[in-house]
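Q: Can you walk me through some packing and burial details here? I'll jump around a bit.

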Amino acid sequence: MQQLQDKHLVKPFSYINGSWHSSESSFVVTNPANGEEIVKVSDAGIAETELAVKAAKDALKSWSAKSANERATLLRNWFNLMMQHQDDLGRILTSEQGKPLSEAKGEIAYGAAFIEWFAEEGKRVYGDTIPAPANDKRIVVIKQPVGVVASITPWNFPNAMIARKAAAALAAGCTFVVRPATQTPLSALAMAELAERAGIPAGVFNVVVGTDARGIGEVLTQHPDVAKFTFTGSTGVGKSLIAQCASTVKKVSMELGGNAPFIVFDDADIDAAVQGAMTSKYRNAGQTCVCTNRIFVQQGVLAEFTEKFTAAVADLSIGNGLHDGVNVGPMISATAVADVDKLVRASIAAGATLVLGGEGHAQGNNFYLPTILTNVTNDMPIASNEIFGPVSPIIPFADEDEVLAMANDTEYGLAAYFYTRDIGRVWRVGEGLEFGMVGINEGIISNAAAPFGGVKQSGNGREGSKYGLDDYMEIKYLCMGGIDK
Ligand code: NAP
């Protein structure tokens, strides 16, 4: 933190109605790489959350009344400031979350890209005219902002998971309240500081930080003035938040967990597949919702893929994300390490073979070595659960039908990947995978222009792309009569 060029980006308070709001108690934000305290942050609760919802409600009328161009200008200011402060924002992010600085700066650019995208896309909220069944009527469809949007976000992308939602909400004319994860409030608060500098009016973007996830969550999901609730996090928590939203029939969108298959067919470019598996698996120490969770390799290339992949994984450098040359940082907590290790142990006991890793690291309790398991079957714990850590289970398969059935045999449906050079198979498998996003000969699939989201128990709604505004807009139909003379 000493290396920050702009120390005012570190804010230890909630941001409500354009003001920094302190509370009586506070909690400590630590660096997961070494356990050191970064800063104490005011611990907001139910009362502050209610204030934030009121602020968002009060700001809604004037914000939604602005032209799309006016909102776009302010959003673009915000985008520019995020990019100007990319290095500082990246350092704050790495300090509280752990991912290597290059990845953290990549996340800032990725998050900012959604703000830029929706600044433009907000100008293209088109309505419709529909031929009426009677000559004396006209049917016109307009789109209007939903209203106050509330959200809860996770620690694994402390900037981008907020940017993806807030950018679309604000561009649509909605106002916004976010409660970031307890481990990573500083990135959210730095975004608020820059939103203020960008000229985004008081009450339009509010950040409530507090350890009472349940209490704050109940306000955000049940308050009658909140029109829409959007969540990124685990499927289990998402299900209970959906249930809470039922009492006021909120519009809901959910970005939940995943169990991504990564399929390597006999005819694949094996070097490209190894590269794709590396980036889609070991980014953020395996803690992304679109991370490869199960690697299926066809028998004919099993030995070659495993050998090359093992060599690449063995080359990864583990350590504090702020240090040069580090590819894999710490996991978010010792509990997360223990959960992953439990899956590894249970799968070895069930017959999997440990090829690499499978234990902690001298760097500290939050580190887990990049790990590879072979002889895995699709029903082992390491394959049937979302791993959320740096472990690659390799599962052999014989043919296309078998691997499609195994890949789809999960309640999740977020991302999937496959490598082949057969054009017919590209279509068959691309259409056959029951997932919201499919990478074909590609391990990195997310960007602002593309619709991000899942099917099945990975959630609903889409973030980014021309579809991303729909989740923040209502369709209204105007029926004009009395047109005949
Ligand atoms: P999590 O336990 O569901 O937590 C996510 C957020 O919900 C945190 O802010 C957490 O607060 C809060 N929370 C937890 N219990 C709550 C409750 N009862 N009421 C209100 N809020 C509550 O998930 P996580 O372990 O942090 O994140 C990893 C999960 O997120 C994975 O399953 C991953 O796949 C998913 N994810 C999905 C996407 C996507 O786009 N689909 C993207 C990223 C992550 P605290 O911080 O205080 O616990």
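Burial and helix packing

A: The cover over the buried residues of α13 includes β12 (260-264), β13 (292-298), β18 and α14 (423-432). This is a predicted model, where local features need pLDDT of at least 70, side-chain atom pairs count only at pLDDT 80 or more, and totals for chains, interfaces and linings use all residues. Residues are numbered from 1 along each chain as its sequence is written, and side-chain values use heavy atoms, with hydrogens and water left out.

Q: How are helices and strands defined, and what counts as buried or as contact?
A: Helices (H or I, at least four residues) and strands (E, at least two) are DSSP runs, numbered from the N terminus. Buried means under 20% relative accessible area, exposed over 50%, and partly exposed in between, with a 1.4 Å probe and protein chains only. Contact means heavy atoms within 4.5 Å.

Q: Which residues of α13 are buried?
A: In α13 (residues 400-408) they are Glu-400, Val-403, Leu-404, Met-406, Ala-407 and Asn-408.

Q: What caps the N-terminal end of α13?
A: Asp-399 does, with a side-chain oxygen 3.3 Å from the backbone nitrogen of Asp-401.

Q: β18 came up. Where is Ser-392, and is Ser-392 buried or exposed?
A: Ser-392 sits in strand β18 (residues 391-397). Its relative accessible area is 0%, so Ser-392 is buried.

Q: What does the side chain of Ser-392 join up with in a polar contact?
A: The side chain of Tyr-282, at 2.9 Å. A polar contact is a pair of N or O atoms within 3.5 Å; within protein, one must be able to donate a hydrogen and the other to accept it, and residues adjacent in sequence count only if both atoms are side-chain atoms.

Q: And which residues is Ser-392 in contact with, leaving aside neighbours within four places in sequence?
A: Lys-281, Tyr-282, Ile-295, Phe-309, Thr-371, Ile-372 and Leu-373.

Q: Switching to helix pairs. At what angle do α2 and α4 pack?
A: Helix α2 (residues 68-84) and helix α4 (residues 101-121) pack at about 165 degrees, with axes 8 Å apart. Axes are lines fitted to C-alpha atoms, for helices over the stretch in contact, and angles run from 0 to 180 degrees between N-to-C directions. α2 and α4 are therefore roughly antiparallel; angles under 35 degrees count as roughly parallel, over 145 as roughly antiparallel, 65 to 115 as roughly perpendicular and the rest as oblique.

Q: Is the crossing of α2 and α4 left-handed or right-handed?
A: Left-handed. That applies if the near helix is turned anticlockwise from the far one by less than a right angle, and right-handed if clockwise.

Q: What classes of residue make the contact of α2 with α4?
A: There are 12 nonpolar, 1 polar and 3 charged residues. Ala, Val, Leu, Ile, Met, Phe, Trp, Tyr, Cys and Pro count as nonpolar, Asp, Glu, Lys and Arg as charged, and the others, Gly among them, as polar.

Q: How do α7 and α8 cross?
A: The axes of α7 (residues 213-222) and α8 (residues 235-245) come within 8 Å and cross at roughly 45 degrees, so α7 and α8 are oblique to each other. The crossing is right-handed. Gly-217, Glu-218, Thr-221 and Gln-222 of α7 meet Leu-241, Gln-244 and Cys-245 of α8. By class, that contact has 2 nonpolar, 4 polar and 1 charged residues.

Q: What about α3 and α6?
A: The axes of α3 (residues 86-97) and α6 cross at roughly 160 degrees and come within 8 Å. α3 and α6 are therefore roughly antiparallel. On the α3 side the contact is made by Leu-89, Ile-92, Leu-93 and Glu-96, and on the α6 side by Pro-185, Leu-186, Ser-187, Ala-190 and Leu-194. These residues divide into 7 nonpolar, 1 polar and 1 charged.

Q: Which residues does Ala-190 touch, not counting those up to four places away in sequence?
A: Leu-9, Leu-89 and Ile-92. Ala-190 lies in α6 (residues 185-198) and is buried, with a relative accessible area of 0%.

Q: Where is Leu-9?
A: Leu-9 is in the segment before β1, and is buried at 0% relative accessibility.

Q: Last one: what is the phi of Asn-17?
A: Asn-17 has a positive phi of about 55 degrees although it is not a glycine. Asn-17 lies in the loop between β1 (14-16) and β2 (19-21) and is partly exposed at 41% relative accessibility.
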